[in-house]
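Here are my notes for a colleague who has not seen this structure before. They go through it point by point, with the sequence and the model alongside.

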Amino acid sequence: MTGLLGPHAGFILASYAITLAVIAGLILWVRADHRAQRARLAELEARGVRRRSAAARGEAAAATATAAPEPRP
Amino acid sequence: MFQRLTALANPTRFLGLVERLGPWLVGLTLALFAVGLYGSLVLAPPDYQQGETVRIMFIHVPAAWLAMFTYALMAVSALGTLVWRHPLADVSAKAAAPLGAAFTFLALVTGSLWGKPMWGTWWIWDARLTSVLVLFIMYLGLIALWRTIEDPTRAARLAAILILVGTVNLPIIKFSVDWWNTLHQPASVMRLDGPTIDPSMLWPLLVMALAFTSLLTTLHLYAMRNEILRRRIRSLGLAAAAGTAS
């Protein structure tokens, strides 16, 4: 391969290798950051800490469940 | 367009958009890189002067364009923070900064790797190289600013002001090769009288630029999603602390 790229093959290969490494690093950073945020969010919700909108949705669902008409015998 | 932007002011709606768009953007990015790399490494001929080293151009030039494009994106976000007070403006700017720093680093490193065989030196305090190095330092400074100031609102305002002050560097980078006598060559693509590059090299370069831009768009959306979750966690933590305190 390096014979194909001429006398300066090392510079060309190094450029592409560093570019690949930096792009892979960015992708890994974004994915790892997302996993960390989701884990912390799940931990807060496990402790019962919810967003107001989520809490309101939960209460509305509970209210409609209790208000459901009694099945007629 | 403006209604669409304000419609996206709702973070939950924005997160839904990212979930739907993300996979398509990933596919598009992979396809563009496949075509671009095949064109750059196989189809494009060697340069009559530089030989095979011209193949570094296919990553150096897109990285440099993205370094400047990302900063311009942050400048628009800074206006969104200061003028339109768009709730996702600062999220966009903060998410873009590490990406811009990475592309600027790539432009500097691949330029240096291209300069050593062609110019005989790794670095020279040339107007173009120096102004791009200043851009890299500004990215690092902005990232440090966001990490230093705890209160997001205050950090957003300071970062937005610093970003807008720093935009003066973009025309300096662009026109440095015209204003000063530089070792770095003048523009070969973005020219009023059209590109001076042969089409056999121009189309792989443009496809690689599209691939890099698609990569930036994808990473930026996913990084914004992370930032929105981070801010939700922060406000939930504050609410929980206030709840236990009362």
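**Notes on the model**

1. B:D90 is found in helix 4 of chain B, which covers residues 89–119. The model is a predicted one. The relative accessible area of B:D90 is 6%, under the 20% that marks a residue as buried, so B:D90 is buried. The side chain of B:D90 makes a polar contact with the side chain of B:R231, at 2.6 Å. Leaving aside residues up to four places away in sequence, B:D90 touches B:T81, B:W146, B:P152, B:A156 and B:R231.

2. Helix 4 of chain B also packs across the chain boundary. Its axis and that of helix 1 of chain A (residues 9–46) come within 9 Å and cross at roughly 170 degrees. Angles over 145 degrees count as roughly antiparallel, and helix 1 of chain A and helix 4 of chain B are therefore roughly antiparallel to each other. On the chain A side the residues that meet helix 4 of chain B are A:F11, A:A14, A:S15, A:I18, A:T19, A:V22, A:L26 and A:W29. Their counterparts in helix 4 of chain B include B:P98, B:L99, B:A102, B:F105 and B:L106. Further along helix 4 of chain B, the residues in this contact include B:V109, B:T110, B:L113, B:K116 and B:P117.

3. For chain A, an unreviewed entry lists residues 12–30 as "transmembrane region". In the model this span is 100% helix and 0% strand, with its end C-alpha atoms 28 Å apart. For chain B, an unreviewed entry gives the same label, "transmembrane region", to residues 21–43, 63–84, 96–115, 127–146, 158–181 and 201–224. Two of these can be set beside the model. Residues 63–84 of chain B are 100% helix and 0% strand, and the end C-alpha atoms lie 30 Å apart. Residues 201–224 of chain B are likewise 100% helix and 0% strand, with 35 Å between the end C-alpha atoms.

4. B:A64 has its place in helix 3 of chain B (residues 57–84). With a relative accessible area of 23%, B:A64 is partly exposed. B:A64 and B:A107 are 43 residues apart in sequence, yet their C-alpha atoms are 5.0 Å apart in space.

5. What is the backbone of B:R85 doing, given that B:R85 is not a glycine? B:R85 has a positive phi of about 50 degrees. The residue is in the loop between helix 3 and helix 4 of chain B. B:R85 has a relative accessible area of 58%, and over 50% counts as exposed, so B:R85 is exposed.

6. Over all chains the structure holds 8 aromatic pairs. One of them joins B:W123 and B:W125: the ring centres are 5.3 Å apart and the planes stand at 80 degrees, so the pair is edge-to-face. B:W123 is partly exposed, at 29% relative accessible area, while B:W125 counts as exposed at 65%. B:W179 and B:W180 form another edge-to-face pair, 5.9 Å from centre to centre and with 75 degrees between the planes. In that pair B:W179 counts as exposed at 51% relative accessibility, and B:W180 is partly exposed at 45%.

7. Which residues do ring pairs link into a cluster? They are B:F33, B:F103 and B:F212.

Note on methods. Residues numbered from 1 in each chain as written. Chains lettered and ligands numbered in written order. Predicted model: local features only at pLDDT ≥ 70, side-chain atom pairs only at ≥ 80, totals over all residues. Heavy atoms only, no water. Helix = DSSP H or I, 4+ residues; strand = E, 2+ residues; numbered from the N terminus. Buried < 20%, exposed > 50% of the residue type's maximum accessible area, 1.4 Å probe, protein only. Polar contact = N/O pair within 3.5 Å; in protein donor to acceptor, adjacent residues only side chain to side chain. Contact = heavy atoms within 4.5 Å. UniProt positions renumbered as here; feature names shortened; annotations may be inferred. Phe/Tyr/Trp six-rings, centres within 6.5 Å; stacked < 30°, edge-to-face > 60°. Axes fitted to C-alpha atoms, helices over the stretch in contact; angles between N-to-C directions. Parallel < 35°, antiparallel > 145°, perpendicular 65-115°, else oblique.
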